[in-house]
Amino acid sequence: MTLNNTGLRIGTAAVSLALLATACGGSSSGGSKGKPVTSGKKGGELSVLLVGDFEHLDPQRNYVSSALDFGRLLYRQLTTYKSEAGSAGTEIVPDLATNLGEPSDGAKTWKFTLKDGVKFEDGTPITSADVKWGVERSMSALIPDGPQYAKQYLVGGTDYKGPYEGKDLASIETPDAKTIIFKLNAPHGDFGYTVSLPTFAPVPKAKDTKVNYDNHPVSSGPYKIDTYVRGKSMTLSRNKNWSNDDVRKALPDTIKVQMGLDPAVIDQRLIASAGADANAIQLDSSAQTASIAQVKTNPEIKARTVAGTTGFLRYIAMNTTKGPLKNPKVRQALEWAINKTDQQTARGGPDAAGDIATTILAPTVQGHKDYNAYADAQGDPTKAKQLLSAAGYPNGFTATLEATTAKKSQDQAAAFQASMKKIGVTIKVASVDSGVYYTTIGDIKKEPEFAIAAWGPDWPSASTVIPPLFEGKQIVPQGNQNFAQLNDPATNAEIARITALTDANAANKAWGDLDEKMMTEQAPIFPLLNDKAIFIYGKNVTGVFLHGFYGEPDMAALGVMK
Amino acid sequence: MLRYIIRRSIGVVAILIVISIITFAIFFAYPSNPALNACGKGCNPDRLAAIEKKLGIDKPVFFAWPPSDSQYGKFVAGLFVGRDFEGGGSTERCSAPCLGFSFATDQPVRPALMARLPVTFSIAIGAAVMWLVFGVSAGILSALKKGTVFDRTAMGIALGGVSLPSYFTALIALYLVCYRLRWLDYPTYVNFSDDPLNWAKNLLLPWITLAFLFAALYARLTRANMLETMGEDYIRTARAKGLPESRVIAKHGLRAALTPIVTIFGLDLGGLLGGAILTESVYGLPGLGTAALQAITKSDQPTILGVTLIAAFFIVMANLIVDVLYAFVDPKVSYS
């Protein structure tokens, strides 16, 4: 999944906006520091203050963290995440299905059975045909923007153009109204996680309004949309036909969303917590750098915040096909030189920017292995210069870093220039507008030696981080996301081996080992920061914690004191 | 006069066509490919082509044969006869005058923007009344009481108003009025027809913010014009003829001094009707300005183009109206 639509949650529009272009992975959390006030009482109206509109609420197009979190109120998938903070929140539980799936044929076939009594908002029973229709429509060009795992994983998915042209996808079988079977083109031991994506939410064929479904997805969750004026407002009320759900608490009677607000004003309103704002929370923006000082120094306000890591890794990619960076020894030398504390400062300091990262896999991704192959956060320019000389560049070299025009990106670029200057490497900064940033660095011919980027998993598995970022076959001429352009045969072979493993524990360990091996031997990126966010909420809001996977307040758990 | 208006109206259309071509060239020749963004991970050429077709960006931007086959040709045709958007086995109709479909919401751009016009109109008209009343009055009084405490105070405040960006003024106003003093709730837009009192109450701060900025400018401009006019020979002549001072000021001084004010007022109001981006976004008011901002952050070119054309329309129309009003305000001007 991507960051929020405005990206202001992490304090910069530029890089995060560009993340939309990459449709990269999701956010997970490192646990909440705020103590949730839990009332467990039903009733009242929760207010959600947004900077922008939801990118998409059509379940098959929903791929942005805040919209995915909000989507928990409107639809259910075959599986979903527990409503928990920390690592517990990264665990999946059955949602519409009775279990986490029954794999067979070496995890190439997955069978799910739907629960009894589950219904859409109009009272129509949810059937396996509705789930099949939803998955099939995700492959239509009319319904773009969403994750494409179904298209990639299912037999025949690559050539399938969606159900609107009159054909169904034979690799999704629905032998009866409660059973759905997926035939995959390769083993995927973590397919139970894949079906937690809203791609696998049911859509009733009779009520599929195609592109207009985005305005009113038919609810299978605890709330239904009453009004939705794009870019302005939305109101939700209870879906009286929702049942048999152990995850979503669905406490408020109504939920009101106000869109198009300034992020600084959202902070101000939540800090004031006056009137109706006492029942309010922010979702697609987090506390701005200017507000954090006020939050930290006022105990009353601090008690109304929740903070933690989001699961996104901020990094600088080294283009392994360019000049001196073709040599792994050079890349390793540069790893010793970078001052990550300066990068952290450039993005607003530890509270606003996040924790220093040393690994590719964020701490919340299963398989994360804690190691540091290089210097401490300040870097070691002396050792870096020695290694650079040994690699054949005693006088350094000149290279280009691509950055966006946004202030934080420019500050990061300046900090990177300073780090590299200490070892004789001159960095020229090429700046482009955030709207075209990922199109620029995603063009393998245009990408310079270095590029600032960020990534998060689509589900908390390394399989949604390491293959898309470092597997050779993922390199495409345009829209490329392997920004290191790494095509190392040994790494490729290991990725293929691990992907085929059906033992989750063995796979997780292997991913962690591969992470360390890649960073030690190939050094394709500078891991910089494990992204962090602070959310403020009103006095009456209850049940607030940073969800273990979404990295945001769990919408499914919130309530208000009436 | 009628011939003049017709001739200028044709000019307005020509200007709008030129603006649409330039805007189209800027936004659609932009190196970003919205189809590539929408296609996402695992994108293959077939799917990319289908999404490009759905977004209507699969054709050349300008140069195609027949010309109606280019993106711009289709856009212009859509303005007059509407157009169909195809893709994924479905066709969506966009009726004339069609400004295209939003890349972000898949909704037709024109109705979405029209729904926001009342908000922008409410902000612009209210603020305009406020800045005209306060700005012009302060300017006249300052000119007539040149060098007094009133003059210095008014011009000092005016200097502040001109110098402070509306974004800053708006945030300070919110902080003081809504956060510290809690005199008002944070603004939310209420339809005038639903509740006129609440409509005004919620728009008070945005009006003051814009009026503070513009009134300052108008006060300084009016003062300068009045001082210049009141020093003219014909004013001395009027006084010498024994006309009462009030009549000298109102009939001979003010009328001449206000001519440039009318010009600038038309342009300012026209510009504001195209959306006060900063003021709308700080106050969270869903007008054309916030639509433009949201569209820019999402690289939603059709919406950006739509807002640009609407803003351009208001500005050129305001210009035309100002030129026509000249005939009434300035006796030296005649279009006959």
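Asp145(A) lies in the loop between helix 3 (128-137) and helix 4 (149-153) of chain A; helices (H or I, at least four residues) and strands (E, at least two) are DSSP runs, numbered from the N terminus. This is a predicted model, in which local features need pLDDT of at least 70, side-chain atom pairs count only at pLDDT 80 or more, and totals for chains, interfaces and linings use all residues. Residues are numbered from 1 along each chain as its sequence is written, while chains are lettered from A and ligands numbered from 1 in the order in which they are written.

| Residue | Phi | Other C-beta atoms within 10 Å |
|---|---|---|
| Asp145(A) | near 85° | 24, buried |
| Asp105(A) | near 55° | 10, exposed |

A residue is buried if 20 or more other C-beta atoms (placed from the backbone) lie within 10 Å of its own, exposed if 12 or fewer, and partly exposed in between. Most residues other than glycine have a negative phi, and most peptide bonds are trans.

Over in chain B, Ala96(B) and Pro97(B) are joined by a cis peptide bond, with omega about -10°. Pro97(B) sits in the loop between strand 2 (90-94) and helix 5 (109-114) of that chain.

Now for the sheet: chain A has an open one of 5 strands, ordered 8-9-10-1-11 with mixed pairing. Two strands pair if DSSP finds at least two bridges between them. Strand 9 (residues 233-238) and strand 10 (residues 254-258) of chain A run antiparallel, joined by 5 bridges. Thr235(A), for one, has Lys256(A) in strand 10 as its bridge partner.
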